[in-house]
Amino acid sequence: MSSSGLRVAGGVAKRSGAKAKGKNFSGIEFHKSKGQHILKNPLVVQSIVEKSGLKSTDVVLEIGPGTGNLTMKLLEQAKKVIAVELDPRMVLELQRRGQGAPYQ
C-alpha cells in the first residue's frame with residue numbers, strides 16, 4: 001500500500017452467507033448497544049469535512065468509521081486517513097468501498 005490512502009485496523013473480515021435482518025446498510029445489521037450509529041446524510045458529512053479545516057498535508061485518525069461515509073470524504077481532503085474499526089463486518093465494507101479509489 002502506498003504512503004497515502006485508507007488503512008483499516010480491526011482484524012480479518014469474514015463473509016456471512018445469511019443477510020442481516022432489521023435496519024441495515026448493505027446487509028449489515030447495526031448494534032446501537034455497541035455505539036454503532038451510521039452517518040448517512042451527505043450534507044452533514046460535507047459540513048463536517050468543510051468545518052474541519054483539513055489541508056492536503058494532514059493525517060486523520062478516524063475511530064469507528066463504520067461504513068466509511070465520512071472516511072471517503074476525508075480521503076478527498078487529507079493526505080492520509082487511518083481508520084480504526086473493530087467490527088469485522090464494517091472492515092469488509094470499508095475495504096469494498098476503498099477498492100479502486102484514486103486515493104487508496
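Here are some questions and answers about the predicted model above.

Residues are numbered from 1 along each chain as its sequence is written. In this predicted model, local features need pLDDT of at least 70 and side-chain atom pairs count only at pLDDT 80 or more, while totals for chains, interfaces and linings use all residues, and side-chain values use heavy atoms, leaving out hydrogens and water.

Q: In what order do the elements of the chain run from the N terminus on?
A: The chain has 3 helices and 5 strands. Helices (H or I, at least four residues) and strands (E, at least two) are DSSP runs, numbered from the N terminus. Read from that end, the order is β-β-β-α-β-α-β-α.

Q: What percentage of the residues of the chain count as buried?
A: Buried means under 20% relative accessible area, exposed means over 50%, and partly exposed is in between, using a 1.4 Å probe and protein chains only. For the 104 residues of this chain, the buried part is 30%.

Q: Among contacts between residues at least 6 apart in sequence, what percentage join residues at least 24 apart?
A: Contact here means heavy atoms within 4.5 Å. Take the contacts between residues at least 6 apart in sequence, and the part that joins residues at least 24 apart is 59%.

Q: Which residue has a side-chain oxygen that reaches the backbone nitrogen of Leu43?
A: Look at the start of helix 1, which covers residues 42-52. The distance to the backbone nitrogen of Leu43 is within 2.8 Å, and the side-chain oxygen belongs to Asn41.

Q: Which residue just after helix 1 takes a positive phi?
A: Go to the spot just after helix 1 and check the backbone there. The phi is about 65 degrees, and the residue is Gly53.

Q: Is Lys55 buried or exposed?
A: Lys55 sits in the loop between helix 1 and strand 4. Leaving aside neighbours within four places in sequence, Lys55 is in contact with Gln77, Ala78 and Lys79. From Lys55 to Gln77 is 22 residues in sequence and 6.5 Å in space, C-alpha to C-alpha. Because its relative accessibility is 52%, Lys55 counts as exposed.

Q: Which residues does Leu54 touch, not counting residues up to four places away in sequence?
A: Leu54 is found in the loop between helix 1 and strand 4. Leu54 and Glu76 are 22 residues apart in sequence, with their C-alpha atoms 10.0 Å apart. The residues that Leu54 touches are Val60, Leu74, Gln77 and Ala78.

Q: Which side chain is joined to that of Glu62 by a polar contact of 2.4 Å?
A: Glu62 is in strand 4, and it counts as buried because its relative accessibility is 9%. Beyond four places in sequence, Glu62 is in contact with Leu70, Thr71, Leu74, Val81, Ile82, Ala83 and Val84. A polar contact is a pair of N or O atoms within 3.5 Å; within protein, one must be able to donate a hydrogen and the other to accept it, and residues adjacent in sequence count only if both atoms are side-chain atoms. The side chain at the other end of this one is that of Thr71.

Q: Which side chain makes a polar contact with the side chain of Asp87?
A: Asp87 is found in the loop between strand 5 (80-84) and helix 3 (88-98). With a relative accessible area of 10%, Asp87 is buried. The polar contact is 2.5 Å, and the partner is Arg89.

Q: What is the relative accessible area of Leu94?
A: Leu94 lies in helix 3. Leu94 and Met72 are 22 residues apart in sequence and 9.1 Å apart in space, C-alpha to C-alpha. Leu94 is buried, and its relative accessible area is 0%.
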